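Visitor: I have the model open and would like to learn how to read it. Please take me through a few features.

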Amino acid sequence: MPGLPNHLDIHLIRILHLVLTEKNVSRVALKLNQPQPSISASLRRLRELTGDPLLVRGAHGMIPTQYGESLLMPAKQILDQAERLFAGKGTFTPRHEARTFHIAAPDYLDSQLLPQIVANVRRESPKSSVVVHSVAREVDFLKLLSDGTLDVVIANWEEPPQHLHMSKLFDDEIACVMRADCAYALRTQPDAMTVEDYLSLPHVAPSQMLAGYFGVIESFLSRHDMHRNVVVESAYFGMIPYLLMRSDLVLTTGRQFTRFFEKNLPLKRFTVPIQFPTMRFYQLWHDRVHHAPEHKWLRDLISATTAELVSN
């Protein structure tokens, strides 16, 4: 048999498969809507390539040779693989398919958003699973998104990282809270805090979440040559409300976060006397999953979940 040709196209393999199954050049021509001489020329080409007649006369018409029969299954496998290779991505049916979704988010979203996202994934795609990853300073989330370890990152930045896809989830107004019976809270009305009060009060602040990306509050204060009195930093944001319960500390953060804890802890909310910009939350993802149906489904679910929580 001659060596493998430099250019063996899929169309020629399709003709080989049809000739061996139909055993009739005229029927192959009709199936492919091509003139019979063209199919006959392709059969001659196949015979040259294989060194075998492939089809010979039998008692009731043409039949494949033994070698021709041996090529039938390999030809079908090549055609099937080619079809899968270039087929569209199709759709994702969450009710019946199983996927593992990797979501990264800072822990200050733990109280409401992340539990609801997990609940909605479990309800709509019960065979799927969710892995929640932390977003901490030492985490190179850009790399983890690009290598597929993470599917989506939810967080807030004043200027989101470049070269990623993103969609805005919600804007969150900034407020500050403290223990309702601490000395300052007892003597001051919620809308009577002054700038001097705010900067001098003892603050608790989350540790810098991502290297190179400063929060809305610190960035704004720095630009306006202001400095607040941060006496405690915590890498565990979810613990901060309980720190407030045992101290005179002040927490400045988004209303979505404080609203949940105000319902469950004796906290007093104050109007911040500085016009901070709102905290804008995004979901970010890499181009590698941008067109994948299951990941588009996940991002749509995250957006819908967020919109529902914010509207309540």
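Visitor: How many bridges join β7 and β11, and in which sense do they pair?

Guide: Two strands pair if DSSP finds at least two bridges between them. Strand β7, residues 174–179, pairs with β11 in the antiparallel sense over 4 bridges. Within β11, Arg 269 is the bridge partner of Val 177. Helices (H or I, at least four residues) and strands (E, at least two) are DSSP runs, numbered from the N terminus. This is a predicted model: local features need pLDDT of at least 70, side-chain atom pairs count only at pLDDT 80 or more, and totals for chains, interfaces and linings use all residues. Residues are numbered from 1 along each chain as its sequence is written, and side-chain values use heavy atoms, with hydrogens and water left out.

Visitor: In what order do the strands of the open sheet run?

Guide: The order is β9-β8-β10-β7-β11, 5 strands with mixed pairing. Neighbouring strands are turned by 35° against each other on average, direction ignored.

Visitor: Which helix packs on the sheet?

Guide: Look for contact, meaning heavy atoms within 4.5 Å. Helix α11 (residues 255–262) packs there, touching β7, β10 (250–254) and β11. The directions of α11 and β10 make about 120°. Axes are lines fitted to C-alpha atoms, for helices over the stretch in contact, and angles run from 0 to 180 degrees between N-to-C directions.

Visitor: What describes a pair of aromatic rings?

Guide: The distance of the centres and the angle of the planes. Rings of Phe, Tyr and Trp (its six-membered ring) pair if their centres lie within 6.5 Å; planes under 30 degrees apart count as stacked, over 60 as edge-to-face and the rest as tilted. This structure holds 11 aromatic pairs. One of them joins Phe 92 and Trp 297, edge-to-face, at 5.4 Å centre to centre and 65° between the planes. The pair links distant parts of the chain, 205 residues apart: Phe 92 lies in the loop between α4 (66–86) and β3 (100–105), Trp 297 in helix α12 (residues 293–311).

Visitor: Are Phe 92 and Trp 297 buried or exposed?

Guide: Buried means under 20% relative accessible area, exposed over 50%, partly exposed in between (1.4 Å probe, protein chains only). Phe 92 and Trp 297 are both buried. Now take Phe 260 and Phe 261, an edge-to-face pair at 5.2 Å centre to centre and 90° between the planes. Phe 260 counts as partly exposed because its relative accessibility is 29%. Phe 261, at 7%, is buried.

Visitor: Where is Ser 128 found?

Guide: In the loop between α5 (113–124) and β4 (129–134). Ser 128 has 4% relative accessibility, so it counts as buried. Leaving aside neighbours within four places in sequence, its contacts include Phe 92, Glu 97 and Arg 122. The Ser 128 side chain also reaches the backbone nitrogen of Arg 99 at 3.0 Å.

Visitor: Which residues of helix α2 are buried?

Guide: In α2 (residues 25–32), Val 25, Val 28 and Ala 29 are buried. They share one side of α2 because they cover an arc of only 100° around the axis. The arc is that of the directions from the helix axis to the C-beta atoms. The buried residues pack against α1 (10–22) and α3 (36–50). Exposed Leu 30 and Lys 31 sit on the face turned away from the buried side.

Notes
A polar contact is a pair of N or O atoms within 3.5 Å; within protein, one must be able to donate a hydrogen and the other to accept it, and residues adjacent in sequence count only if both atoms are side-chain atoms.
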